[in-house]
Amino acid sequence: MLTIYLKGMWFCLALIAAIGLQNTHILKMGIKKNHVFICCLICIIGDVILFASGILLIPNLTINFDIIIKILVIVGALFLGYYSYDAFYSAFKKNETLNIDNLSDKISLKKAVLTTLAVTFLNPHAMIDTQIVASSIATSIDSQHRILFYLGTISGSFIWFTSLGIGAKLLSPLFKKPITWKILDFLIGIIMLFLCISLIIFFLQYFKYI
C-alpha cells in the first residue's frame with residue numbers, strides 16, 4: 001500500500017520538477033510577491049482535478065487519444081510560442097526592476113488567477129502528463145489501489161508547489177537589478193522555445209511523420 005502511494009508521489013515530483021510553464025510562472029509570481037500562494041493553490045487544485053481524470057477516470061474509458069493530442073499540440077505550440085516571444089521581448093526591450101514596496105510591481109488578483117488557470121489548463125505538457133502518461137501508468141495498477149497512487153500524486157504536487165512558492169519569495173532581493181530580470185526572461189524564453197519545438201517533434205514522431 002505504502003509503495004503505491006510513494007510511487008504516485010515520486011511520479012508526480014518527477015513530472016513537475018522539470019522547469020516548465022507552470023514553474024516559471026510561479027517563480028515570477030513569487031519573486032514579485034504577486035499572490036504567489038494563491039497561484040500555488042490553483043496549481044495544486046488543478047493537479048487534483050487533472051490527476052483525478054487521468055488516474056481514476058480515463059483508465060476505465062475507451063478513448064481516442066489521437067484527436068486529443070492533435071488539439072493539445074496545436075493550441076499548446078501556439079501558446080508556448082507566444083510565451084517565448086513575450087519573454088524574449090521582455091529580455092531585450094524592457095528594463096525591469098523589482099521594488100518590493102512599490103504597488104506598481106504587483107498585478108491584480110484577478111489577472112494572477114486567470115494567468116495561473118491558463119498555464120495550468122491550457123498547458124499541453126501538463127495535459128499530456130496528467131491525462132496520457134498518468135493514465136497509462138494507472139492501467140498497470142489494480143483498480144482498487146489506484147486511489148493510493150492518486151493520493152500520492154496529490155501529495156507530490158502539494159510538496160512541490162509549496163516549496164517553489166516559498167523558495168521564489170526568498171529570491172526577491174536578487175531581482176532589484178534589471179540585468180537579473182533580463183537573464184531570467186532570456187532563460188524563460190529559451191525554455192519555452194525548447195518546449196514548443198519538443199512538442200512539435202513529439203507530434204511528428206507520435207503520428208510517424210518523421
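Analyst: Helices (H or I, at least four residues) and strands (E, at least two) are DSSP runs, numbered from the N terminus. This is a predicted model, where local features need pLDDT of at least 70 and side-chain atom pairs count only at pLDDT 80 or more, while totals for chains, interfaces and linings use all residues. Residues are numbered from 1 along each chain as its sequence is written, and side-chain values use heavy atoms, with hydrogens and water left out.

User: Where is H35 found?

Analyst: H35 isn't a glycine, yet it has a positive phi of about 50°. As for its place in the chain, look in the loop between α2 and α3.

User: Is K33 buried, exposed or partly exposed?

Analyst: K33 lies in the loop between α2 and α3, and it has a positive phi of about 55° without being a glycine. Buried means under 20% relative accessible area, exposed over 50%, and partly exposed in between (1.4 Å probe, protein chains only). K33 has 34% relative accessibility, so it counts as partly exposed.

User: Is α2 roughly parallel or roughly antiparallel to α3?

Analyst: The axes of α2 (residues 21-31) and α3 (residues 36-57) come within 8 Å and cross at roughly 160°. Axes here are lines fitted to C-alpha atoms, for helices over the stretch in contact, and angles run from 0 to 180 degrees between N-to-C directions. Angles under 35 degrees count as roughly parallel, over 145 as roughly antiparallel, 65 to 115 as roughly perpendicular and the rest as oblique. So α2 and α3 are roughly antiparallel.

User: Which residues of α3 make the contact with α2?

Analyst: Contact means heavy atoms within 4.5 Å. On the α2 side we've got Q22, H25, I26, M29 and G30. Their partners on α3 are V36, C39, C40 and C43.

User: How many residues of that contact are nonpolar?

Analyst: Ala, Val, Leu, Ile, Met, Phe, Trp, Tyr, Cys and Pro count as nonpolar, Asp, Glu, Lys and Arg as charged, and the others, Gly among them, as polar. The contact of α2 with α3 has no charged residues and 3 polar ones. The nonpolar count is 6.

User: How far does α8 reach from its first C-alpha to its last?

Analyst: Helix α8 (residues 178-206) has 29 residues. The expected span is 1.5 Å times one less than the number of residues, which gives 42 Å for α8. The model comes close to that, with a reach of 42 Å.

User: Which residue just after α8 takes a positive phi?

Analyst: Within α8, the buried residues include W181, L184 and F203. Just after α8 comes a phi of about 60°, and the residue is K208.
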